[in-house]
Amino acid sequence: MDVSNHTILSRKKEKAAKALLWTAVLLTLAILLGIILYIMVRGFVSRQEKSYFVSPFLEETLKSEETGEYAMKIIVHRQVKISDLTMEDLRTIYTKSRAENWGHYSMQDKRITALAPSRNTPLGKAAETLIAGPEGGFGSYVAYLEDDEEMIRRIAEDPAGIGIIEADTPVTNRKVKVVPVRRIVVAVHPSVKEIIDNRQLSVITEKELKLVLSGDITDWKDLGGHDRPIRLIRPPEAWGLDELVSPSDIPAADSPEDFFRMITDLPDSLGLCFYDDAAAGGLSILEVSRREVKGNLTLSFLLEPPARSGKWGGISTIILNTLFLILFTLLFAAPAGVLAAIYLVEYAKQGPLVSLLRRGTETLAGVPSIIFGLFGNIFFVNTLGLGIGFISSTLTVTMMILPTIIRTSEEALKAVPLSYREGSLALGASKLQTTFKVVLPAAVPGILTGLILALGRVVGETAVLLYTLGSNYELVRGPSSSARVLSLHLYFLFSEAISFDRAFATGAILVFIILLVNYSTTRLIGRAGRMSG
Amino acid sequence: MEEQPSKFRIKDLDLFYGDNQALKDVTLEVRSHRVTALIGPSGCGKSTFIRTLNRMNDLIDHVRITGDVLYEGVNIYADYDVIELRKRIGMVFQKPNPFPMSIYENIAYGPKIHGITSKSLLDDLVENSLKAAALWEEVSDRLHKPALGLSGGQQQRLCIARVLAVEPDVVLMDEPTSALDPISTSRIEELIFELKKKYTIIIVTHNMQQAGRVSDTTAFFLNGVVVEYGDTEKIFFNPEDSRTEAYISGRFG
């Protein structure tokens, strides 16, 4: 069969158009999924490259030359969310004069209960020497216990407890866990940390350190330093660190003093030693960074109240505040908006006044929220004297979403066929009965959609709330109490650079709430719409 | 045919939509327990006329009515409560318009708004109305299913049942079969025949055969004027006016 040129051209155009459409669709999908996935991944998992003075090597059993044969281990309650502690942290916890907070180490807002073995026992003496360091003894808030049994029992009872027991004592209580300590540092000759070409080598990664110690990296250049070979020094046997250093053909230190001398005298040298020894020997330290992957959006993040501006704790009160705001706003706005729409569609005489009203609501629905914030602050907060707090913000947000609710409800009511109204009126129903028993139920799916749109605006609203709700992150207590909702919390976490991880976790929750709301509305609308075929 | 008492007495009825006169000087009498058919070409005012009988034209802005419409001797535009009137005078529309509710709720709606709350009474009313509308057999097992799931013909009979549930005196039908297939149409026509025993029926129809089949008296409307009104047989076989004859024989309309 002959195909005319025109047909061929049409086919080609069709193909080109299809390709263009598909590109647009895929691009949109990629952008959408990209954004949501990014927020979800960053919200759920926190990945950080953190550099420490001490290297990532863990020690469960702690001892030193001064403590002699008394080796010890550190135990905490299982609910304390730490996987290890640095020597500095441990020292801070035990030597502070006032109770330290776990927030600094595990982001949990709870006062640390620090327990130590009695100073009368050899273990107690050894622990104080080792942990408090050369400068002084334990802080005054540390409590002392007589034996390890009691220590384990007390810590099992106290979710904020930390204690010290003998290394040989087995820990069988499931509520108690042993925490390894990091106190091995990388000591280098000062020449290594010299500035060359505007660059200074001060941090290496965990991976690089392992390669250096196994002898696979032999030049400082590979670590970003100057072009000279790394001179690895074997630590003295007494420290028990020689297992960590693999090459055998390297200079070995006979004693700690020998080690300090070699590190300070030999240019380009590198060796492992303990935190306190490095300080005592006045050695240069190379910091080591490690990648820390942790659950970000955890159950406890959802269930704990925030502390320290949201740096510690979770967002439980903030989620509740958000729900309260949504609830009360809809409580005010939904009846008012729907009734206004009923008036406009069913009762008002369609004249210039109504069209003016309609144009007004349309304009208000498009007004930037910050203007409502300004209005709320001037009118509700100041003129009416309600102050910054829950009631002012609820009223302001109600004002903000009312036009949207009126507009969408109007459309929903207008979409109800006239024949329903006629059918009802012809049966002798009054206008009121017709409106509330026939028209309104038929408009429910549309009205619900409008309410959800409005709800989405409330959940995402920040500008208005900044001026009317304040920034208190505790649970709303009354109409005048200042509060914080999710979007506002996210804003503060971000703008005050408190924590990006927490900002993302909060963002993920916001996205979740929106998803949940949209899903449940679809279900609700489905149920309401079932009667209409 | 024996004489029936008069149900409606319409005298000098004029109806204006704004400046546009839709009904001119309509005067006629509708007898009780008869089927009165209103025929005429599109735009002749027959639908407007039927809507004046239960005051459905009140819903439209800028409508002006002069003249008298007496229902059982009472002027419905002066001395009758509109809700009471519509309760007595039910209406079935051109397009089936069941509410988006269950079949049961559709029927029970009318009685409920008129104050009947007893469940057993409502149940009886629903059953009787559906039976009277010849729909009971088809829907008795799915009373609580959405009414909009019914076929067009069933929906229209549901609308009739809905009107009957209010226990009216008169049933107005505005082209009740124009949106239906022939089988559904014939069922509705049979139904009209049955209903005639209990109710006074006024039906607007486009379908001349239908008017001939179902009605006892026929009024022929043209340009808002009643050209001829009388027994259906006479209108169809022996019209007085040449325009009626022209319309009946299909020369216009």
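How many salt bridges does the rule find over all chains? The count comes to 39. This is a predicted model, and the tour below visits two of these pairs, an interface and a pair of helices.

**Stop 1: a pair within chain A.** Select D84(A) and R182(A). They form a salt bridge, with the closest N and O atoms 3.2 Å apart. D84(A) sits in the loop between β2 (72–77) and β3 (85–86) of chain A, while R182(A) belongs to strand β8 (residues 181–182) of chain A. The pair links distant parts of the chain, 98 residues apart.

**Stop 2: between the chains.** Show chain A and chain B together. The contact draws 20 residues from chain A and 26 residues from chain B. About 1,900 Å² is buried between the two chains, and carbon and sulfur atoms give 68% of that area. Across this interface the rule finds one salt bridge. To see a salt bridge between the chains, select R51(B) and E422(A), whose side chains meet at 2.9 Å, N to O.

**Stop 3: two helices of chain B.** Select residues 103–113 of chain B, helix α3, and residues 152–165 of chain B, helix α6. Their axes come within 7 Å and cross at roughly 30 degrees. Angles under 35 degrees count as roughly parallel, so α3(B) and α6(B) are roughly parallel to each other. The crossing is right-handed. Now display the side chains in the contact: I103(B), N106(B), I107(B) and P111(B) come from α3(B), and L158(B), A161(B), R162(B) and A165(B) from α6(B). Of these residues, six are nonpolar, one is polar and one is charged.

Methods. Residues numbered from 1 in each chain as written. Chains lettered and ligands numbered in written order. Predicted model: local features only at pLDDT ≥ 70, side-chain atom pairs only at ≥ 80, totals over all residues. Heavy atoms only, no water. Axes fitted to C-alpha atoms, helices over the stretch in contact; angles between N-to-C directions. Helix = DSSP H or I, 4+ residues; strand = E, 2+ residues; numbered from the N terminus. Parallel < 35°, antiparallel > 145°, perpendicular 65-115°, else oblique. Left-handed = near helix turned anticlockwise from the far one by under 90°. Contact = heavy atoms within 4.5 Å. Nonpolar A, V, L, I, M, F, W, Y, C, P; charged D, E, K, R; others polar. Buried area = accessible area lost by both parts, 1.4 Å probe. Salt bridge = Lys/Arg side-chain N within 4 Å of Asp/Glu carboxyl O.
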